[in-house]
Amino acid sequence: MSSKRRQDESVNTDKKKKKKKTSEETAHLCSAVEDEQVKSAVKEAWSRRTHYDHGDVELDCHPFPHCIIKNFIRSETFVENLQRELLGLNFHEKSNDLYKFKQSDDLRKRTEPHITALRSALFGRFRSWLGEVLGVELEPTVDISCARYEYTDVLLCHDDELEGRRVAFILYLVPPWQSSDGGTLDLYTTNSDFQPQSIVKSLVPSWNTLVLFEVSPVSFHQVAEVLSQDKCRLSLSGWFHGPSLERPPRHIEPPVPRNPHLPRDETLLLEWVNPVYLDISYQEQIQEEFEDSSEIQLKDFLKEEKFREVSEALRLAQIQWTRRSPANKRCYDVASLDTLPQCVSACLELLRSEAFFLLLSNFTGLRLHYLCPADDDDDENKDEEKEKKEQGDGEATGSSTESSSAAAAAAASANKSRDSELSTPECCGELRRWSHGGYTLLHDGEAARAEYALDLVLPFGCADWQSEFGGFTCYVANEEDEELLTVYPEDNSLALVYRDKETLKFVKHVNHKSCCDSADRAFYDFSFVYYE
């Protein structure tokens, strides 16, 4: 019986082998990759940083070395079947400060025949070819996924640098594609600080074309926003791992200058601010709500006539706007202060005034003005009362005790004065314009400098702005994807948010929906940060 059972098992095994054999596929790569002369020529060109173009293989070294291989997979039928398998995968929406697109699960363990065959070819034969071209031993680590970019999807400027990544690659499986469809792979030049400057080359996706480049301190690139409403930019992408290139110290931007308040009294508030917000009892209600949630939006904050006057002035051609960069940190327009109309300058002055600092203190309970009591003032008052009571209860008090108490009081007063000088409330701010393509990104420098602060945003010109356009401010916990709070732009609604050292913020990319109906939409905001 046992012998018969083994025989049956052997038969079943043979059937499995035959079945497995019929489902196996092989990804035959283009002949250029198999050509030793081509490999030697590409290797020499890469090492010398010179241009090479032969048949389906092109190497261009501007702005950084990147290789383009057309007709990467020989069999058209194989590519079509690969595309069909990929489109059948489950995709997950990915969205944060840097990107918005749909991504598949990791493809390392997928068993579909064409996905399996391509993975084997990429991280087998092609990895060996690429390692010889670069003169580097690439690891067999498999790092690959599939991405679907559709209308308004984008991947903003970044350099791909992460420990272990040596070469990035993208294989396009797209329908006929033009630059007007968006979704191009844009390559940036860099300045002397290794920061991205401008896009100098845009690669249009093309069916069965592989693009690869070395991950380096200057490999800044982006996937431009997809503008086509009916095409899907399908691609396979990942990294070949190996020893990282040496990286210079990261550039540290100089801190934004801060200023103390301007000496302006409450007359300014009476002129500009909705009277309801100047009522002391209402300020107390606002403070209670703010202390509960650390954020609040105060609607109709400015007097209606003042808000309307500033809104109209912001559209005047006399204001000069400058694009803020670099693209791996931010992209929006900021107004040159010496070109502002008088009423806009006056609004800016309001936000920097002493009277406004005190108003913010009343709204939030933060010590942004010396008249606002510190959190520990109540405790100090209780201690003083207790000390007086103890002194009154004593029947006799020596002169040495009295002099000691006087010295202690003087020292406490001096310390309080010194603390006040060291912690003079300050602010920094700007007038921003948001239109299609604007954004800010989280970055290491911002995280390193994070501190307790009160953010203020006062928007103008966003009456018909919709949340799906982007341009809203997201607050997130440092090194976590979880969004803590989203603040949407709303006309004449003063947004106040108090953040701690572990909270960061970004403005979501303003996408093509903001202008797809030919309306040249833009909104403006005063953005200030106040420090106790």
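**Group meeting: a first walk through the chain**

Okay, let's start with the inside: of the 532 residues in this chain, 47% are buried, where buried means under 20% relative accessible area, exposed over 50% and partly exposed in between, with a 1.4 Å probe and protein chains only. Before I go on, this is a predicted model, in which local features need pLDDT of at least 70, side-chain atom pairs count only at pLDDT 80 or more, and totals for chains, interfaces and linings use all residues. Residues are numbered from 1 along each chain as its sequence is written, and side-chain values use heavy atoms, with hydrogens and water left out.

So how confident is the predictor? The pLDDT, its confidence in each residue from 0 to 100, averages 89 over the chain, and 86% of the residues score at least 70. Residues 1-22 are below 50, and beyond near neighbours in sequence that stretch has 0 contacts in the model; a contact here means heavy atoms within 4.5 Å. Where pLDDT is low, the predicted coordinates should not be read in detail.

Now the layout. We have 13 helices and 24 strands; these are DSSP runs, H or I of at least four residues for helices and E of at least two for strands, numbered from the N terminus.

On to the aromatics. The whole structure holds 25 aromatic pairs; rings of Phe, Tyr and Trp (its six-membered ring) pair if their centres lie within 6.5 Å, and planes under 30 degrees apart count as stacked, over 60 as edge-to-face and the rest as tilted. Take Phe 123 and Phe 240: the centres are 5.1 Å apart and the planes at 50°, so this pair is tilted. Phe 123 sits in helix α5 and Phe 240 in strand β13, 117 residues apart, and both are buried.

Staying with strand β13, which covers residues 233-241, Ser 235 is found there too. Is Ser 235 buried or exposed? It's buried, with a relative accessible area of 2%. Among the residues that Ser 235 touches are Cys 146, Ile 170 and Tyr 172.

Key:
pLDDT = per-residue confidence, 0-100. Lists of a residue's contacts leave out its neighbours within four places in sequence.
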